[in-house]
Amino acid sequence: MKKITKATYLKWYEDMLFWRKFEDKLAQVYIQQKVRGFLHLYNGQEAILAGALHAMDLEKDRMITAYRNHVQPIGMGVDPKKVMAELYGKKTGTSMGLGGSMHIFSKEHRFYGGHGIVGGQIPVGAGLAFADKYHKRDNVTLTFMGDGAVRQGSLHETLNMAVNWNLPVVFCVENNGYAMGTSVARTSKDTEIWKLGNGYEMPCGPVDAMDPVKVAEALDEAITRARKGNGPTFLELKTYRYRGHSMSDAQKYRTKDEVADYQKLDPISKVKKVIKDKKYASEKEIKEIDKRVKEKVLECEKFADESDFPDKNIMYDVVYEQENYPFLAHKLD
């Protein structure tokens with residue numbers, strides 16, 4: 001694994017803080033109705049992305065996830081201003097404003113969504129890995145899902161095929177404790193989700209996903225295994241989300257004390273403590289990072305605010321149309 005150095009911690013701190021503040025800004029503008037529809041925020045889960053990016057080869061590896069997907073493409077290299085604009089529904093967004101919150105996508109940066117259907121991305125992730133194996137590329141695909149998605153039959157079908165075909169894919173369950181508002185304990189006799197991999201003789205295990213170091217170590221091992229041609233891994237990344245499932249979530253299924261207890265394990269605070277303890281940065285330098293993050297978020301907001309909405313005709317231009325399609329009934333004269 002790449003060494004975890006002073007530069008790593010400083011990057012993790014700035015990146016995770018930016019992702020947190022980016023999502024906070026989205027919550028703010030959502031209340032102002034600048035962003036509409038569903039909005040699922042990543043607050044609390046940032047260590048997963050930070051650790052994953054450290055373990056990945058961003059020149060060739062891919063990532064696919066569900067609808068809690070705003071900061072992942074930013075980490076993969078997508079301009080955050082374009083991500084913000086996409087959520088605003090503006091034409092300067094990643095998909096000209098036509099995808100919105102749940103469907104961020106960037107082929108250029110190997111980020112394949114953003115999927116609104118629970119578990120819908122799981123077989124697609126395996127498909128990306130199959131294509132890499134078929135074309136003899138040593139790329140690896142990280143396929144993320146929530147704990148609720150593991151109750152989908154498509155997961156089990158995909159795990160079976162992936163291990164049979166020895167695909168270069170890492171299945172990552174972001175277990176934040178609740179599938180919408182339903183706890184894992186209410187949906188399964190055994191709450192150790194990672195054990196599902198045992199049923200397919202697939203390497204599997206739990207990871208403390210409130211710590212980017214632990215995530216990086218686990219994913220480095222899994223990615224290395226996949227890149228060597230030794231097949232998939234199934235990991236349960238144990239994390240917690242500080243905000244509701246979406247902005248419309250009243251969060252009646254958990255207490256404020258529970259959230260406060262998990263906030264004591266905050267990954268950003270952990271990284272900041274290491275920086276201070278090891279004297280990687282002075283208080284002044286930390287404040288400069290904080291200021292830089294704040295300004296960057298405001299730049300994203302300004303860009304999205306000032307961008308134009310797409311022309312309505314664009315909606316028709318992106319819909320496939322084939323003339324003389326043989327199975328359509330022709331209008332009668």
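The model is a predicted one, in which local features need pLDDT of at least 70 and side-chain atom pairs count only at pLDDT 80 or more, while totals for chains, interfaces and linings use all residues. Residues are numbered from 1 along each chain as its sequence is written, and side-chain values use heavy atoms, with hydrogens and water left out.

In secondary structure, the chain comes to eleven helices and seven strands (DSSP runs numbered from the N terminus, with helices being H or I of at least four residues and strands E of at least two). Its C-alpha atoms fill a box of roughly 80 × 50 × 40 Å along the principal axes.

Now for the sheet. Five strands line up in the order β1-β2-β3-β7-β6 to give an open sheet with parallel pairing (two strands pair if DSSP finds at least two bridges between them). β1 (62-64) and β6 (204-208) sit at the edges with a single partner strand each, so one side of each has no neighbour in the sheet. On average, neighbouring strands are turned by 20 degrees against each other, direction ignored (axes are lines fitted to C-alpha atoms, for helices over the stretch in contact, and angles run from 0 to 180 degrees between N-to-C directions). Further in, β3 (residues 169-175) and β7 (residues 233-238) pair in the parallel sense over six bridges, and Glu174 stands opposite Leu237 in β7. Helix α2 (residues 46-55) packs on the sheet, touching β1, β2 (141-146), β3 and β7 (contact means heavy atoms within 4.5 Å). The direction of α2 makes about 170 degrees with that of β2. Helix α6 (residues 153-164) also packs on the sheet, touching β2, β3 and β7, with its direction at about 150 degrees to that of β3.

Then there are the helix pairs. The axes of α2 and α7 (residues 212-227) come within 7 Å and cross at roughly 40 degrees. That makes α2 oblique to α7 (angles under 35 degrees count as roughly parallel, over 145 as roughly antiparallel, 65 to 115 as roughly perpendicular and the rest as oblique). Residues in this contact include Ala47, Ile48 and His54 of α2 and Val215, Leu219 and Asp220 of α7. As for α1 (residues 6-31) and α9 (residues 267-277), their axes come within 9 Å and cross at roughly 150 degrees, which makes α1 roughly antiparallel to α9. Among the residues that meet here are Trp12, Tyr13 and Arg20 in α1 and Ile268, Val271 and Lys272 in α9.
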